[in-house]
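Subject: Structure handover

Hello,

Here is the structure we talked about handing over. Please open it alongside this message; my notes on what was found follow below.

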Amino acid sequence: MSVRIAVLGPISVWRVNDKVGLGPPQQRAVLGLLALAGGQPLSRAELVDALWSDRPPPTAANTIQTYVKQLRRLLEPDRQVRARSAILPLVGDGYALRLPPDDIDVLRFRRLVASTGKCGGESHRTAALLGESLAMWRGAPFCDIPFLAGHPKVTSLVAERQATLVRYGEALITIGDAGEAVAVLGEAVATQPLNEALQALLIRAHLAIGQRSEAFTIYRGVRDRLAAELGVDPGPALSEAYLALLQGKKPPHEPVPAHAVPAQLPADVPDFTGRGAQLGALDSLVAPHDTVPVSVVSGTAGVGKTALAVHWAHRMRDRFPDGQLYVDLRGFDVGWPMSAGDALTRFLGALGVPEWHVPLDVEDRAARYRTELASRRTLVVLDNAATVEQVRPLLPGTASCAVVVTSRDSLAGLVSRHGARRLELDLLPLDDAVTLLRRLIGPGAEPAATATLAAQCARLPLALRVAAELAITHDGASLPELVDDLADRHGRLNLLDAGSDHHTKVRAVFSWSYRRLPADVARAFRLFALYPGDELDPYGAAALFGTGLTDARRLLAALSRAHLIRPAGPDRYGIHDLLRAYAVQRGDPADRHAALTRLFDYFVAAAGAAARVLEPSARHPATDQPVTSLPAFADAGAARAWLDAERPTLVTVIDHTARHGWPAHTERLAASLYRYLDGGHYPDALRIYTQAAEAARRAGDQTARGHALINLGSVYRLRGRYHVAAAQYRRACTLHRRAGDARGQARALAHLGTVLFRLGQPASGALCQQRALGLYRQAGDQTGQARVLTNLGIIDERLGRFGSARQHHQQALARYRLVGDRVCEAVSLSRLGLIDARQGGGGPARATHERALAYFRTIGHRRGEAHLHTNLAALDVHLGRYESAVRDHREALDLFQQIGDPHGEITTRNGLGDALRSAGRPAEALAQFRDALTLAVETCDRDEQARAHGGMARTHQVLGQREEARRHWRQALALYTAFGAPEAADARAGLAALDPAARTGEAVSS
C-alpha cells in the first residue's frame, strides 16, 4: 500500500489518495523526525530529547512507544497485530522509517539537489532541477509543530533550503531569468542580511533587469549594516557588484523583462474536493476572447467560492505568464470593506509601478492600472466583492487578461454591462462532502456518522472543516456520539433561529466548536473578530487579548488548530468573514471597547517607537506605553521594515478610529507616521490625513484638524501639486489662528512660504517665513525657528544673496545644535558648504559635505543623502570634475525617484544636464533638461522651468543650433525676471551673444 510523507511544511501523510490524520503534535513530531533521518534509526532517547528537551516526564519512553504504535495503525491499517512493521520497524533501542526515498518529500528534495552535479554545467537543466526541488516546499519545515523549530535537524534543513535558493538564483541569472532570481534571492537575503555574497548576487539580479535604483538601495543598506554591526567595509564580492552597478554593466545572457511579474495568489486549498463541473466552466476564461473575460462565482457564505477560485487559479498559473493579482475586498466583512482605490494601489505596486508614480486620484489610478495591464496576460482574482462599484475600477481594459470575481451577490451589473459569465456555486454534493470529511478526519471515520455529519454541516466546506477538526481532537467521544451532540445542538438552535436552514446549521457547527473551546481561547476568538484589519500578528493579538506575547501566541495557535482563524503568512492570521460575524455576536460590548482601546493604544505606541528610531531628533507626539509587548527595533532599517509591513493595517486602524469614536488615537497615530510618510506612500498618506482631519472636525478639535491639513498639504506638495497644497496650508493657518495656536499657525505659514517660493513668488514666500519666525519666537520654539531660518537661507541663496544666506544658516545651525537635531544640523552644514563652493571655497565645502553625507547614510535619511550628492556634484562641476559630478547626480536621481520627490528629481535632472554638457555630452544633457522641464511644468515649479530652459539654451548654443537656443533663452529670461533670479543677466547675455545687433546696443526683439 502506497504511503507518502511530507515534512517540507506542515507534516502530512497520504495513504493512496487519502490524507491520514496523524493525531497530537508530539506524535506527528516523532514521524517527522524519523522522516528526516532518511531511513536511519533514531533511538528512544533521541526522540525523548527532541520532544521534551531537559524536562521529560517519567513515562516518556512509554509515551514514545505508544506514539509509534498509533502511527503503525495509521500507516499500516491492514497489518496483523503481532506482524513486524514494514514501515516503522523496531531497530535496536529505537525506530526507523522505511519507505522509498521518493515517497518522502525531504529525501526527494535532497536527491534532486544532488542530481544537479551530473548536469555537466548545463545551466538550464540545473535551474530546472533546483526549481523543481524548491517547488516541493509548502512553508517552513514542521511549521505545525513550533517546539521543533530550534531542533538541529530542522535548522539544518532550513540551511539546506537557503543554500539551494542561492544556487537557484545564480542559475536563473545565468540562463537569463533574472526577474525570477530577484524574487528567489529576496527571500533568501531576508534571513541573512549580512551575507555579502548573497547580497552581491541580488544586486546583480536587479541590475540585470534594469532596476539600478533598487540595486543601489540594497548595496547602501548592507554597507551600512556591515559598518554598524560588524565595523567592517564591504568585501570583494560586494565591491565588485557595486563597481558593476556604477558602470552599468549587466550580467551576460540576461534579458530585461518589460515589467514585474506578480504572484499574489494565496496558498492552494489543502484537500480540495469535487467541483469538477465548475472548474471546467472556469476553464473557458483561458480561451481567446474579444473583450476581457470575467467570471462571477456567486453563492452563499461558506460555500467555498474563494477555495474554488484560488484552486482554479493555481491550476492555470502557467496560462498567465505575466502574473496573478489577488485581493480580498472584504465586501461582507463586519468591518469596513476595501475600497477600489486601495486595491488599485496594491495592484500597481505589485505591477512594478513606483509608489511616487501611483496617482492620488482614484480615476487616474484606474487608468494607470489598465495601462500597465494592456500588453500583459495576467489573471486577476477579486475575492469577496460586495458591489459592482467595488469591482468595476479593477477590471483590465484588454482581452489578454482574465478576471474571476467571488461574491455572495450575483453582481448583475457586471453581467449586463461587462458581459461577465455567472457561475452559481451550490452546496457540495453529499458524496463530495463525505469525501472531504473522510480526508480531513482520516480512515477511522464511520461511514454512516460521516454522512450524517456532512448533512448537519449543510454540506458547506467551511463548516465541514471546522467540524472535522473538532472530530479529530475530541476527548474520547466517538464520531456517532459527536454527531448526536451536534444534532441536539442543532435542534435547540432551530427553536431560536428564524433564518434559513443553511444559516442555522452553520451556526450550530460554529456553536458546537465554540462551546468546546477553553474559556481563554473562546474569549480570544471573540476578541480576534473585532480586529479591523486583514491580518493580525502576535503583538497586536497580545494587545487585543490583554495578555503577554507568549500567551497570545498560544491562543492564536489554538484558534488556528480549530480552524476558527487561518494562517495568513509567517506569524500572521486572518479570519473568515462568516466566523467573524459569528464571533462578534458572542462578544460583550464593554469587553469589546476595552479590547479595541488596548489594540489602538498598541498601534499608537508601536508606530511612535518606530518613528523615534527612524528619526530620533524630530519632534514626535507623546505616547503612553501599553501594557503589552512592543516589537524591538534594533535600527532604522528594522523600524522602517515594520512600518512597511504594517502600513495597510495602520491605514485600516486609522479608518476605524476616525469613524468609530477614537479621535485622539487617530490624531496621534497620524502624527506619529508623518516623518515616515514624508518619504513616500502618498496614496496611503492622503487617506490617513484626510481621515485625521475629518475625525478632528467631528470632535471639534481645531488644532488637531489644522495639523492634519498641514500634513495633507505636504502630500500634495511632495507630489508637486503646489496650488492644492497652498490651499490646505491656508485653511490650516486660519484654524490655528482661531484656536490661538501660535506654533500651529507658524508651521502652516512656513509650509505655505515654501510652496509660494516654488510657484515663483519668492517675496511672498519670504514674507510667510518671516511671519512664521516671529510666531515661533513668540512660542519659544527653537526647532521651529531653526527650520524657518533654513528656509530663509535657501531663498537668499536662490536670489544670490549669499551673505544673508550664510547668516541665516549659521543661526539655524546654532539652534539645531542646541536642541540636538542632528539631521537638520547636517542640512545646515550642507547648505553652508554649498555657499562655500559657490564662493570658491572648494576644499572646506567638500569636507563639510562629506561629513553631512556620512551622517545621513548612518541614519538612513535618503532625502538628505540625495541632496548631499547633488551638492557634491555641483562642487565637482565648479572644480572641473565633470564625470564625477555625473555619477553623484545619478546617485541622487536614483534616491529621489525611490522616495518619490518630484522637486528633488527636477533639480537633479537640471544639474545632471549641466554636468553632461560640461563633460562634452550635449545630446544626453538635452534629454535631462527636457525631462526636467516636463516635470517642472506639471508641478508649476517656475524656478526649475527657468533652469531647464536656460540649460537647453546653452546646450543648443554649443551645438550651433541658434534658433533653438534663442527660443529657450527668451523663455528663460521671462521666467527668471518674474522670479527675480540673478540668472536673468545670464539669459540677456546669451541672447546678446546670438544677436550681433544686441552687442552693438540695438534693441533685441522678443
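L411 is found in the loop between strand 10 and helix 16 (412-418); helices (H or I, at least four residues) and strands (E, at least two) are DSSP runs, numbered from the N terminus. L411 is buried, with a relative accessible area of 1%, where buried means under 20% relative accessible area, exposed over 50% and partly exposed in between (1.4 Å probe, protein chains only). The phi of L411 is near 50 degrees, a positive value in a residue that is not glycine. Most residues other than glycine have a negative phi.

Before the rest, some notes on the source. This is a predicted model, in which local features need pLDDT of at least 70 and side-chain atom pairs count only at pLDDT 80 or more, while totals for chains, interfaces and linings use all residues. Residues are numbered from 1 along each chain as its sequence is written, and side-chain values use heavy atoms, with hydrogens and water left out.

The chain as a whole

The chain has 46 helices and 13 strands. Of its 1006 residues, 55% count as buried. Taking contacts (heavy atoms within 4.5 Å) between residues at least 6 apart in sequence, 65% join residues at least 24 apart.

Q390 itself lies in helix 15 (residues 388-391) and is buried, at a relative accessible area of 7%.

Five strands make an open sheet with parallel pairing, in the order 8-9-10-7-11; two strands pair if DSSP finds at least two bridges between them. Strand 8 (324-328) and strand 11 (421-424) are the edge strands, each pairing on one side only. On average, neighbouring strands of this sheet are turned by 15 degrees against each other, direction ignored. Strand 7 (residues 294-298) and strand 10 (residues 402-407) run parallel and are joined by five bridges. V294 has V403 as its bridge partner in strand 10. Helix 12 (residues 305-315) lies across strands 7, 8, 9 (379-383), 10 and 11, and runs at about 160 degrees to strand 10. Axes here are lines fitted to C-alpha atoms, for helices over the stretch in contact, and angles run from 0 to 180 degrees between N-to-C directions.

Another open sheet has three strands in the order 1-2-3, with antiparallel pairing. Strand 1 (3-6) and strand 3 (18-19) are at its edges with a single partner strand each, so one side of each has no neighbour in the sheet. Four bridges join strand 1 to strand 2 (residues 12-15), and A6 stands opposite S12 in strand 2.

A helix pair

Helix 33 (residues 742-758) and helix 35 (residues 782-798) pack at about 15 degrees, with axes 10 Å apart. That makes helix 33 roughly parallel to helix 35; angles under 35 degrees count as roughly parallel, over 145 as roughly antiparallel, 65 to 115 as roughly perpendicular and the rest as oblique. In the contact, A750, T754 and F757 of helix 33 meet V788, N791, I795 and R798 of helix 35.

Regards
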